[in-house]
Amino acid sequence: MRRAPGWLKAYCGGIYTFLYLPMGVMMAFSFNSAHRNVAWAGFTFRWYVKLFHDAQWAQALGTSLELAVSAAVISAALGLLASYAMARHSDFRGKRAYASLLNVPMMMPEVILGVGLLTFFVRAHLRLSFWTLVVSHVVFCLPYATGTIRARLMSLKQSSFEEAAMDLGATEWQAFKRVTFPLAWPAIFSGAVLAFTVSFEDFVTTFFVAGIGTVTMPIKIYSMMKFGITPEVNALATLLLLLTAAGLLAHYLLAGER
Amino acid sequence: MPEPLLRLESISKSFGSTPILKGISLEVQAGEFLTLLGPSGCGKTTTLRVIGGFEHPDDGRVFLAGAEVTDLPPYRRDVHTVFQNYALFPHLNVAENVAFGLVLRGMPKGAADVRVREALALVKLSGFESRRISQISGGQQQRVALARALVGRPSLLLLDEPLGALDLKLRKAMQLELKAIQRKLGLAFIYVTHDQEEALTMSDRIAVFNHGVIEQLGAPKDIYEHPRSSFVADFIGAANILDAKLTRLTDTEAVLLLENEVELRVPRPKTLDAAEGETVRVALRPERIEVLFSQASASASGLTHLPALLREAVYLGSATQIFLEPFKTGKTLVATTMDPVEKQLNGNASGQRVWLEIRPSDIRILERSAA
Ligand SMILES: Nc1ncnc2c1ncn2[C@@H]1O[C@H](COP(=O)(O)OP(=O)(O)OP(=O)(O)O)[C@@H](O)[C@H]1O
Ligand SMILES: [Mg+2]
């Protein structure tokens, strides 16, 4: 194996320090027994305990989980339908436009998405609520779920499993149920997990379309920051980070399967 | 004439604006082994997919046992396919794969198990029931795919290059086994390959495909002995293809001027669409050319001798390939001989003077020459 020159190692070290040190510091200070993020005063779980006893925080966490799960399930279901259409029919009018338009929300600046959605809801006289939030999250989660699921369905199509099933007497629905779905399941789940992660950590769009009563974790953290960065914020952000990381890890493990 | 098991009636199919099948018509009788043979991209797989119901023809009709099935989906046709990449279900084990079609039909588990065991025994995979697909070799996967297609007892099996992924030795063994299974069950096979040797050894009849049309359809011997075009002559076995002018044509005989040089009298073929004075292509098989190293004393009746320069001799193990120049145009002919010829070649072979012995009746008149 070739050894990297010293300068390259230093460069990479610098980049990674810059990327991960702030997160490390934040996580470390979430265990700091002092009230301010200045000096280390000893190890404690106090802030986590306090967090879980605080009804507001618990509610924010609950809202976020509920929102992310809903967005993930809906995105995966819609993503499966869209991917199935694209994999099943090699060509239909406007297929390219269909495929690209699905991906647009992923690339669009979130501020624009947020303003757009808000304008839409107001114009449509839809009261901002938990469900408008779910709909909005589905908009930007869908491309992530679809991407994962579609890749898998395409590769399944390459192997003609569905055709083999139909050749042996399965109707379209039976072929889907007995062959395509079981084989695509890991990708569907992994797409849902990715959508969950994206939804769970979203701030910008949520900020625009969340009604008065709906407070998610990122929103709660933001509002807490007005009073300075307390150790509780550190603890909460650490939880958010770990959950997101776990989600991403699960996604890659599942996507890597087969 | 009984109703054929399968009848294709001038099937046409285009993808985009490219015509892929241009009026394919053929019939398969019960128990027959028909091979679709042709170069890559000529439409063999597409033809199978039309029969299986995976592609809808733009034009033409498909009949199975006399009933039109052109518009029926794959699951309503009594044919099964062995896919080129096998398409075995990776989430099911060997027995579950084979049982797939039976379960769909609602066959009781006990009866299905018996049938699965029979099918696996037929392909010599007894004891592999609970193996996962990823745990068996390519050759074994091929057998599972075959068992899965056979277990439902279709009257017609479609096989798309089923041995394409196997090594040569396994391939040869499987050719014999497939043929034996086909005979034993009395099934009709439509077998796709681009291996001409495989086609010649296994088939009852061969359909030679080229660019979406069937160039020739017939028994292996018929196709090999009487190719109707230079494409067929060249694709099935090796052939020397020459230009010849039809100088005279009688009811029984055609007089040819080979490469504007050598006059030959050959029997008139049954079908010939060229007239006197036209130039045609003719084929001569390399194994039908005898190479003589000294001028034959008295030429035996009916044989023609041509002087030629020997250009090269290539040792092939069981045979030797000899490249010859009998014409002033410098056109090269290939001859293959099973005789040991090293002695006569005496080292540096090139430039040696030899004689070709050919039997005019071995010359096959093909299509009109384009030039
Ligand atoms: N779904 C499709 N869309 C567009 N073109 C196609 C499609 N299927 C096949 N073709 C084209 O049709 C032509 C014939 O394909 P086909 O698969 O029938 O050839 P083949 O004779 O089976 O060749 P091979 O020996 O390589 O398998 C090819 O040029 C291929 O690119
Ligand atoms: Mg093919």
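## The largest pocket

A pocket is here an open set of points, on a 1 Å grid over the protein atoms alone, with protein on both sides within 12 Å along at least five of seven lines, and its lining residues have an atom within 4 Å of a point. In this predicted model, the largest pocket has a volume of about 980 Å³, and 30 residues line it, with Arg88(A), Lys157(A), Glu163(A), Arg49(B) and Phe54(B) lying nearest its centre.

Both chains contribute to that lining: at least two residues each come from α3 (55–88), α6 (130–158), α7 (161–167) and α8 (172–200) of chain A, and likewise from α1 of chain B. Sorted by class, the lining of the largest pocket comprises 12 nonpolar, 10 polar and 8 charged residues.

## Chain A

The C-alpha trace of chain A spans about 70 × 65 × 30 Å along its principal axes.

## The surroundings of ligand 1

Ligand 1 is surrounded by residues of chain B, namely Phe15(B), Ile20(B), Ser40(B), Gly41(B), Cys42(B), Gly43(B), Lys44(B), Thr45(B), Thr46(B), Glu161(B) and His194(B). By class, the shell around ligand 1 divides into 3 nonpolar, 6 polar and 2 charged residues.

Oxygen atoms of the ligand approach both side-chain and backbone atoms of chain B. For Ser40(B), an N or O atom in the side chain is 2.5 Å from an oxygen atom of ligand 1, whereas for Gly41(B) a backbone N or O atom lies 2.7 Å from an oxygen atom of ligand 1. In the case of Cys42(B), a polar backbone atom is 3.2 Å from an oxygen atom of the ligand. Taken alone, ligand 1 exposes 640 Å², and the protein buries 60% of that area.

## The second largest pocket

The second largest pocket has a volume of about 510 Å³ and is lined by 18 residues, of which His226(B), Pro269(B), Lys270(B), Thr271(B) and Ile365(B) lie nearest its centre. Strand β20 (residues 364–368) of chain B provides the largest share of this lining, 4 residues, and domain 1 (6–232) and domain 2 (238–368) of chain B each give at least three residues to it. The lining of the second largest pocket has 7 nonpolar, 4 polar and 7 charged residues.

## Enclosed cavities

The count comes to 3 cavities of 30 Å³ or more, and about 80 Å³ of space lies in the largest cavity. The residues that line the largest cavity are Tyr224(B), Glu225(B), Pro227(B), Ala233(B), Ala239(B), Ala283(B), Leu284(B), Arg285(B), Arg288(B), Asp362(B) and Arg364(B).

By class, the lining of the largest cavity divides into 6 nonpolar, no polar and 5 charged residues.

Key:
Residues are numbered from 1 along each chain as its sequence is written. Chains are lettered from A and ligands numbered from 1 in the order in which they are written. Side-chain values use heavy atoms; hydrogens and water are left out. A residue is near a molecule or strand if one of its heavy atoms lies within 4 Å of it. A polar contact is a pair of N or O atoms within 3.5 Å; within protein, one must be able to donate a hydrogen and the other to accept it, and residues adjacent in sequence count only if both atoms are side-chain atoms. Accessible areas come from the Shrake-Rupley method with a 1.4 Å probe; for residues, only the protein chains shown count as cover. Ala, Val, Leu, Ile, Met, Phe, Trp, Tyr, Cys and Pro count as nonpolar, Asp, Glu, Lys and Arg as charged, and the others, Gly among them, as polar. On a 1 Å grid over the protein atoms alone, a cavity is a set of points where a 1.4 Å probe fits but cannot get out, and a pocket is an open set with protein on both sides within 12 Å along at least five of seven lines; lining residues have an atom within 4 Å of a point. Grid points are joined across faces, edges and corners, and a volume is the space filled by probe spheres set on the points. Domain bounds come from an automatic or database domain assignment.
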